[in-house]
Amino acid sequence: MCDAPFHVLVVETSVACSPSRASDPSHLPVGHSHVRTMSVGSTDALGSQRATTVAATLLTVVLVAPAAGLAGRVPPLALALAVGVLHAVVVLAVWAVVVRRHTELLRTYVHERFRFAARLVSGGWLVLCAQAAVPTYLLGRWALLAPMLALVPVTWALLVTFLTRSGDTDPLGLYVFYGPLVVLTLSMLGGVELVLRHAPVPL
């Protein structure tokens, strides 16, 4: 499967009539067309799929390791909050860096400051915090491993998605809606593990 971006040729017809400005592509005489290329495919922010995979893997280890290493040593609630905040800060930072590299998407946010702030703070921040805080709390409070193990591929896939641009689509805006389902699934995994752990074993 080819991951290289494809391009669409967009024909722009100028309405300028001044012959003295004919050399300027933005002021061509009527009847002439200026063709520009607009990328609408998916591209890796780091330049290659391999670099994206390596970066996502390293960041996933950084985000998950504190929860796994400090569980049982730090109060569960405090550890869950700390890991949740760290998770949200790192993932949102990755998203922001990638968005900054794409002018059209950044311009949209600049002109819609309030919408951007609402999505970033009330949406993405809360979902990303909960995504890491819930498995961390379940691990520290009841030593439940399933949610934390499931968090690893979830975090990795999310980072890869944020590091890969697809047209002008904002992955964070989409994740605000789908992220709560991920948090619910992680919680359900913990519930299932807890029930199975305390289920009577038939003789």
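**Figure 1. Surroundings of Leu128.** Leaving aside neighbours within four places in sequence, Leu128 contacts Gly84, His87, Ala88, Val91, Leu92, Leu158, Leu172 and Tyr175. The model shown here and in the following views is predicted. Leu128 is named, together with Val91 and Phe162, among the residues that have the most contacts inside the largest nonpolar core. This core comprises 33 residues. Two or more residues are given to the core by each of helix 1 (49-70), helix 2 (76-100), helix 4 (113-142), helix 5 (146-163) and helix 6 (171-198). Helix 2 supplies the largest share, 10 residues.

**Figure 2. Val91 in helix 2.** Val91 is a residue of helix 2. Its relative accessible area is 1%, and Val91 is therefore classed as buried. When residues up to four places away in sequence are not counted, Val91 touches Leu63, Leu128, Leu158, Leu159 and Phe162. Two of these partners, Leu128 and Phe162, are listed with Val91 as having the most contacts inside the largest nonpolar core. A C-alpha to C-alpha separation of 10.0 Å is found between Val91 and Leu163, which stand 72 residues apart along the chain.

**Figure 3. Packing of helix 1 against helix 2.** The axes of helix 1 and helix 2 lie 10 Å apart and form an angle of about 180 degrees. Because angles over 145 degrees count as roughly antiparallel, helix 1 and helix 2 are roughly antiparallel to each other. Helix 1 contributes Leu59, Val62, Leu63, Pro66, Ala67 and Leu70 to the contact. From helix 2, the contact includes Leu79, Val83, Leu86, His87, Val90, Val91 and Val94. Classified by residue type, this contact of helix 1 with helix 2 holds 12 nonpolar residues, 1 polar residue and no charged residues.

**Figure 4. Packing of helix 2 against helix 5.** Helix 2 and helix 5 pack with their axes 8 Å apart, at an angle of about 20 degrees. Helix 2 is therefore roughly parallel to helix 5, since the angle falls under 35 degrees. On the helix 2 side, the contact residues are His87, Val91, Val94, Trp95 and Val98. Their counterparts in helix 5 are Thr155, Leu158, Leu159, Phe162 and Leu163. The contact of helix 2 with helix 5 divides into 8 nonpolar and 2 polar residues, with no charged residues. His87 and Val91 of helix 2 also take part in the contact with helix 1.

**Figure 5. Salt bridge between Glu193 and Arg197.** The side chains of Glu193 and Arg197 form a salt bridge, with an N to O distance of 2.9 Å. The count of salt bridges comes to 1. Both residues belong to helix 6, where they are 4 residues apart, about one turn of the helix. Glu193 counts as buried because its relative accessibility is 16%, and the limit for buried residues is under 20%. Arg197 is partly exposed, with a relative accessible area of 41%. Leaving out residues up to four places away in sequence, Glu193 touches Ala143, Leu144, Leu145, Ala146 and Pro147.

**Figure 6. Ala143 between helix 4 and helix 5.** Ala143 is located in the loop that joins helix 4 and helix 5. The phi angle of Ala143 is near 60 degrees, a positive value in a residue other than glycine. With a relative accessible area of 42%, Ala143 is partly exposed. Ala143 is also one of the residues touched by Glu193, which lies in helix 6.

**Figure 7. Leu58 in helix 1.** Leu58 is part of helix 1. The relative accessible area of Leu58 is 55%, and this residue is therefore exposed. Leu58 and Trp156 are 98 residues apart along the chain, and their C-alpha atoms are separated by 9.1 Å.

**Figure 8. Setting of the close-up views in the protein.** The protein contains 6 helices and 4 strands. Read from the N terminus on, the order of the elements is β-β-β-α-α-α-α-α-β-α. Of the 203 residues in the protein, 32% are buried. Among contacts between residues at least 6 apart in sequence, 74% join residues at least 24 apart.

Technical notes. Residues numbered from 1 in each chain as written. Predicted model: local features only at pLDDT ≥ 70, side-chain atom pairs only at ≥ 80, totals over all residues. Heavy atoms only, no water. Core = buried A, V, L, I, M, F, W, Y, C linked by side-chain atoms within 4.5 Å. Buried < 20%, exposed > 50% of the residue type's maximum accessible area, 1.4 Å probe, protein only. Contact = heavy atoms within 4.5 Å. Axes fitted to C-alpha atoms, helices over the stretch in contact; angles between N-to-C directions. Parallel < 35°, antiparallel > 145°, perpendicular 65-115°, else oblique. Nonpolar A, V, L, I, M, F, W, Y, C, P; charged D, E, K, R; others polar. Salt bridge = Lys/Arg side-chain N within 4 Å of Asp/Glu carboxyl O.
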